[in-house]
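The report that follows describes a two-chain model, from its overall make-up to a few local details. Please read it beside the sequence and the coordinates.

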Amino acid sequence: MPRWGMVINLQKCVGCYACVLACKQEHFLPPGIFWGRVVVGETGQRAAVTKAAYPVLCNHCEDAACVKVCPTGATVQREDGIVTVDYDKCAGCRYCVLACPYQQRTYYADSKKEYFPGQGLTPLEKIGKELYPLQEGSVLKCNFCIERIDSGLKKGLVPGVDREATPACVIACPAKARYFGDLNDANSEVTLLIKEKKASQFHPEFGTDPSVYYILR
Amino acid sequence: MAGSRQEQLREDTWIPTVCGRCYGACGIRVRRVNGVAVKIEGQPLSTQGSRGGTCAKGLSGLQVLYDPNRLNVPLKRTNPEKGLFVDPQWKEITWDEALDEIARKLKAVIEKDPKRLFYQVTTCRAPYLRGNTRPIMRTLGPPTAFVGGGGLHCGAGAHQIAGMVHGSWSIVPDFKYCNYAIYFGANKGGGSGHSSGTCIRLAAEARTQGTKFVAFDPMRNFASSKATEWIPIVPGTDGAVILAMCNVIVNDLGIYDEKYLKLKTNGPYLVGEDGRYVRDGETGEPLVWDSTAAKAKVYDDPSIGDFALEGEYEIEGKRCHPVFGLVREHIKKYTPEMASKVSDVPASTIRRIATEFAEAASIGSTITIDGHNLPLRPVSAVLFRGGEGHENSYHTCGAVALLNQIVGAADVPGGTVGWTPQSFGFPGTGKPAMHIGKGKDGMLTVDRFGPTFAWSGGGPWPPKMPEFRGDDPALHDIFATMFHSPFLASSDQEEMWQKIGLKGGIEMMISWGANTILSIANREIVAETLKRIPFIVVSELFSTELAEGFADILLPDTCYLEQADCFAGSGMGFSLPFAKDDWAYHITQAVVEPQYERRNFVDVLWELVDRVGKRDQLMEVMNDAYSLADEYKVKPGEKIDRLEMCDRVVKSLFGPEHDWEWFKKHGFITWPKRVEEAYWRCFTDCRAPIYFEHLIDIGEKTREITDKLGIDLDTAQYTPLISWTPCSVHHVKDPAYDLYCFSYRDILHTGSHTMEQPWLDELSHMNPYTYNIVMHSETAKEKGLKDGDLVELETVVGRKVEGRLKLLTGIHQKAVGIAACAGHWAKGMPIAKGKGVNFDILLELDLKHCDPVSFNMETAVRIKIRKIG
C-alpha cells in the first residue's frame with residue numbers, strides 16, 4: 001500500500017502563491033478558506049537575513065492528531081495515509097482545529113459569503129457549489145486532491161508522474177518546487193529526494209510524522 | 001465525503017490559449033464546464049511559460065472574467081466637469097452612438113494632424129500592442145503614442161541598450177549554462193516581468209544546479225530573496241558599483257576577453273581628440289590599428305593581423321587611441337572606495353564580487369553544443385527597473401553591457417542573452433524571420449527589432465539624430481534618444497509646448513487598458529495634462545480612475561479569456577523562448593464568448609479605421625507588417641474579418657496545414673531552435689558598443705536645439721565614455737529627508753488591474769508586505785516607530801502618502817519600500833479601492849526628473865517619515 005507524500009523544494013519556491021490559488025480553484029473554496037497557504041517572514045539577521053516563504057498544507061500525518069480527537073469519526077485516515085473529513089459525519093465541534101499542531105484546519109462558518117460582497121455569486125462560484133459541494137458547519141482542509149489520485153489510479157495513471165493524477169498545487173507550481181509520490185516506494189522521486197537532499201518535516205517535535213517534507217534552501 | 005458530481009457535466013473541455021495577466025504571455029489551458037471557465041493551468045508542452053505551471057496572477061484570471069464590476073455597455077460622461085474624484089455621471093449609450101461620435105472626432109483630428117491624437121495602451125495589452133495596434137496606428141498617422149504606466153516606468157535605458165548590444169528588448173542570464181549571475185534591481189525568475197513563467201522555471205533549475213546569484217537591491221524580496229547573496233544598495237547608484245567592478249576586473253586583475261573585444265565590439269576603433277572615431281578618408285569607415293602591420297586600417301579589412309586595443313597612435317598628424325584604452329583609463333576613477341561611498345556597498349564586497357565574476361567567466365573556455373564549438377562564459381550581469389529607473393538610466397544600462405562585454409559574456413552560452421533576435425523561421429516557410437546584421441560602423445542591426453512583426457522600423461541602431469520640427473507634442477523630434485515621452489503627462493508640459501511653439505495640444509486621446517492617472521507620477525500633475533485633452537475615449541474592463549475622472553466615452557472591452565487573436569506575446573526579442581529553449585508560437589482564443597455588449601477593442605479599432613475610410617490602407621500595412629505570403633495578401637477592396645486575417649497570418653507563417661482551426665485545437669506550435677539562432681553572436685559579423693560615440697553628435701545637436709528654444713537641458717550625460725552621474729535624490733541636503741523611497745514589483749501584482757481580483761486581495765492580505773509600507777526595523781526603532789503604526793511619507797516638495805508600517809531587516813537601512821501600483825480610489829473597482837499605497841503620488845514628472853538621454857523618469861524619492869496614528 002502506498003503512503004502518499006509531498007516534497008517541497010524551498011530552494012526552488014519563489015513564494016508566488018500559485019499553489020494556494022490552484023487549490024482554491026480545484027476545490028472551489030469560498031472566501032477566507034485556504035487549504036494551502038504561504039507563510040512569509042524573515043530568518044537570520046543583518047546581511048545574512050533571508051526572506052522565508054514556506055508553503056504549508058495539511059501534512060497528512062502518519063500519527064494524525066486530528067484523527068485521534070474527532071468524536072464522530074468524520075476525520076479518518078485512509079490506508080494510503082490521506083486524512084479525510086466526511087462532512088456528513090462532521091459535527092463542527094472543531095476539536096480537530098485545536099488539535100492540529102500545524103493549524104491546517106478551518107471551520108466553514110458561512111456558506112453565503114460572496115467573493116464580490118453584496119454583488120451575488122459569480123457564475124464560477126455558482127458552478128463550484130454544484131461541482132464541489134462543501135458543507136457549512138463542517139471543518140475543511142487539504143485532502144491531497146484525493147479525487148485526482150483516485151480517478152487517476154483507476155485510469156492506470158501514477159500520482160506524481162501523470163499530471164491528471166497529481167495534486168493541483170504540484171502541477172501549478174511554476175518553479176516546479178513540489179513533488180508528489182509514494183513514500184513507501186524506495187525508488188519514488190519523493191523518497192529519493194528526501195534521501196539525497198536531506199529533506200525534513202516541519203516541527204518533527206510535534207511527533208505526528210508528517211507526509212510533507214521540505215528541502216531547505 | 002464530498003466529490004465531483006460527474007453526472008452533472010454536460011460539457012467538460014480544455015481550451016489552449018495564453019495568459020494575459022502580464023506581458024509574459026505564458027501558454028495556458030483553461031477548463032470549461034457547462035459553459036463556465038473553472039480552472040486555469042499552465043501549458044505543459046510549451047517552452048513559453050513554466051511548462052505546466054502558472055503564477056497566482058495568471059490563475060486569478062477567472063475572477064477578471066467573472067467580475068460583476070466589469071463594464072458591459074458603452075458609457076458616456078454627462079458631467080462636463082473632469083478631474084480627480086469627479087463623478088462622471090455615466091449614461092448608457094449604444095455602440096452605434098459611441099462609434100459615430102468617436103469616428104467623427106477621429107477623422108477630424110487625423111485629417112488635421114495625427115500627432116494631435118494621443119494613443120495610449122497598457123503593457124498588459126502588449127500581445128496585441130505589437131501585432132494589432134502598431135499597424136492600426138501606422139494607418140492612422142501615426143499618432144502620438146505612449147505605453148500607459150508601463151511606459152514611463154519601463155526600460156527607457158534598458159531597452160535601448162539591450163537593442164544596441166543584444167539586438168533584443170531586454171536581457172536575461174542564459175540560466176542553463178550560467179554559473180554566476182549578478183542582478184542589479186532585476187527580478188528575472190522572481191515571478192514578474194518579461195517571460196515571467198519561463199524565467200521562474202529556468203532560474204529555479206539553475207539554483208538547484210548550483211548557479212550563484214548575487215543581487216544588488218535595496219530590498220531582499222522576490223529574486224533578491226532567492227539570491228545566494230543579497231547586497232543592499234542605495235537606489236540609483238548601481239552604475240557606480242558596476243563601473244567599479246569593471247575597473248577592478250580590467251585594471252586590478254587585468255582580466256578581459258581580448259578576442260571578444262577585438263572582434264565583437266568597437267573596442268579597437270581609433271578615437272581622436274574630439275572623441276569621435278577616426279575615419280578612413282575614402283570610405284568614411286572607422287579605423288583600427290593593425291599592430292601586426294603597424295598601420296591603420298578600416299575595422300573590417302580582412303588583412304588585419306591583430307587589433308590594437310590600447311596605445312597612442314598618430315594618423316595624418318592627429319593623435320588617437322583605441323576605444324578600449326580610453327575606457328580602461330576612464331574607469332580608473334570608479335574605485336571601489338568611490339563607489340562604496342555613494343552606494344553603501346563595502347569596497348571589499350565590490351572587489352570580491354568583481355573578482356568572483358571575472359574568474360567565473362573562465363575566459364578562453366569553450367563548449368560544444370549540437371556540434372558547434374562555442375565560447376563558454378558562464379557569467380551574467382542583468383539589470384532592470386530597480387537599477388535603471390533613475391536619472392542615469394542610459395549610462396547605468398551601458399555599464400552593465402560593459403561589464404558583460406569585457407568578459408565576452410554576451411549572447412554566448414552561459415552569458416547574458418537577449419530574447420532570441422535571430423530566427424530562420426519555421427522549417428518549410430522560413431517565417432517568422434528576424435536577422436541580426438551588420439549596420440553603420442559595423443554595429444549590429446536587427447531588421448525587426450523587438451516584436452516579431454509590425455514594429456514601425458528597424459532596430460535602435462543607428463540612433464536617429466535630433467531634427468527640430470516643433471510639431472511633436474511628445475518632443476521626440478528634439479530628443480532623439482528619448483524612449484517614452486514624459487511630456488505627455490508632465491508638470492512642464494505647457495511650458496515645453498510654448499517653448500517649441502506648438503499651437504494647441506493633444507485634441508483626442510484613445511486609451512486602451514492604461515490607467516495613467518494612477519500609474520505614472522503624482523496624480524495632480526497628470527490630472528492637469530488630462531484636463532487639457534478635450535475628448536478622451538477609454539476602452540477598459542472596469543471604470544477606472546482614468547475613466548471616471550477624465551473619459552468622455554468609456555467602452556466595454558473583452559478580457560483575454562474572451563478574445564481571439566493570432567498574436568500572443570510580443571514575439572522574438574521580447575517574450576518568445578530565449579537561449580536554447582525551443583521556439584514556440586501561441587495563439588489567443590476565447591474560452592467563453594464575450595458577454596453583454598463587450599467588444600474586443602481590436603475589432604473596435606478595425607471598425608473605426610473602416611469608418612474613417614482607411615480600410616484598404618490598413619490591409620496594405622498589415623500585408624507588409626505580417627510579411628504575408630503573396631497568396632494570403634489582402635487585395636485592395638477585399639473585405640475580410642479579423643479571424644480571417646488570423647487564419648491567413650498563421651497559414652503564412654506555418655503553412656496551409658496549420659490554419660486557424662489547427663491552432664484553435666492545438667493552441668501553439670513549437671520547433672527546434674538552432675544553435676546559430678540561440679547563440680547568434682558566434683555566427684554573426686557585427687559589433688556592439690562599449691563606447692557611445694553616437695552620443696557626441698546627438699548631444700551637440702540636441703544642445704544646439706534646446707539652447708535656441710530656451711530649454712534648460714543638462715547634456716553632460718551625452719558623453720561617449722560610460723559613466724555614473726548622481727541623481728536628484730542623491731543631492732537632497734535637508735537631513736530631515738533622510739530616507740530613499742522606492743516601489744517594487746510584488747509577485748501578486750502586475751500594473752494596477754490585479755488589485756481588483758478578490759483572490760489576489762486575499763493573498764495580498766496574507767503577505768505581510770504587499771499592502772504595507774516597509775522599512776528596516778532598526779531605522780524604525782531610532783525613529784520611535786513600530787510595526788503597524790500608521791505613517792505618513794512626505795517628499796521634499798510636500799507630496800504625501802500614508803500607510804501601515806511593516807518592519808523587516810531585509811531592506812537597506814535608509815530605504816522605504818512600497819509594493820506594486822496600489823491605492824485605487826475608483827468606484828468602479830470596489831475590491832481594489834483603498835488597498836495598499838499609491839507610491840506614484842510621490843513622484844515628480846518633468847524634464848529635471850528624467851535621465852536627459854533616455855528620459856527615463858526618476859522613480860526613487862527622498863522622504864521623511866512620521867507617525868500619524
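## Overall make-up

The secondary structure of chain B comes to 26 helices and 33 strands, where helices (H or I, at least four residues) and strands (E, at least two) are DSSP runs numbered from the N terminus. Chain A has seven helices and nine strands. This is a predicted model, in which local features need pLDDT of at least 70 and side-chain atom pairs count only at pLDDT 80 or more, while totals for chains, interfaces and linings use all residues. Residues are numbered from 1 along each chain as its sequence is written, and chains are lettered from A and ligands numbered from 1 in the order in which they are written.

The table sets out the extent and burial of each chain; a residue counts as buried if 20 or more other C-beta atoms, placed from the backbone, lie within 10 Å of its own, as exposed if 12 or fewer do, and as partly exposed in between.

| Chain | Box of C-alpha atoms along the principal axes | Buried residues |
|---|---|---|
| Chain A | roughly 50 × 45 × 35 Å | 46% of the 217 residues |
| Chain B | roughly 80 × 70 × 70 Å | 62% of the 869 residues |

The radius of gyration is taken over C-alpha atoms, and the globule rule is 2.2 Å times the number of residues to the power 0.38. For the 217 residues of chain A, a compact globule would have a radius of gyration near 17 Å, and the value of 17 Å for chain A agrees. For the 869 residues of chain B, the corresponding expectation is near 29 Å, with which the 26 Å of chain B agrees.

Two residues are in contact if their C-beta atoms, placed from the backbone, lie within 7 Å. Among contacts in chain A between residues at least 6 apart in sequence, 59% join residues at least 24 apart, and in chain B residues 24 or more positions apart account for 72% of the contacts with a separation of 6 or more.

## The interface between the chains

Across the interface, 49 residues of chain A are in contact with 52 residues of chain B. On the side of chain A, the elements that give two or more residues are helix 1 (18–27), strand 2 (36–43), strand 3 (50–57), helix 4 (123–131) and helix 6 (168–172). Helix 1 of chain A gives the most to this side, with seven residues. By class, the chain A side divides into 26 nonpolar, eleven polar and twelve charged residues, where Ala, Val, Leu, Ile, Met, Phe, Trp, Tyr, Cys and Pro count as nonpolar, Asp, Glu, Lys and Arg as charged, and the others, Gly among them, as polar.

## Domains of chain B

Chain B is divided into domain 1 (6–65), domain 2 (75–142 + 464–566 + 590–666) and domain 3 (728–867), with bounds that come from an automatic or database domain assignment. The C-alpha centres of domain 2 and domain 3 of chain B lie 31 Å apart, and 28 residues of domain 2 are in contact with 26 residues of domain 3. The elements that give two or more residues to the domain 2 side of this contact are helix 16 (516–519), helix 17 (523–531) and helix 18 (545–550) of chain B. Helix 18 of chain B gives the most, with three residues.

Strand 28 (residues 739–744) of chain B is mostly covered, with six of its six residues buried. L739(B), C741(B) and S743(B) point one way from the strand, while Y740(B), F742(B) and Y744(B) point the other way. Two strands pair if DSSP finds at least two bridges between them. Strand 28 of chain B is joined to strand 33 of chain B by four bridges in an antiparallel arrangement, in which F742(B) stands opposite A860(B). With strand 32 of chain B, strand 28 of chain B pairs in the parallel sense over five bridges, and the bridge partner of Y744(B) there is A819(B).

The loop between strand 32 (815–819) and strand 33 (860–867) of chain B holds A832(B), which is buried because 27 other C-beta atoms lie within 10 Å. Leaving aside neighbours within four places in sequence, A832(B) is in contact with M755(B), E756(B) and H824(B).
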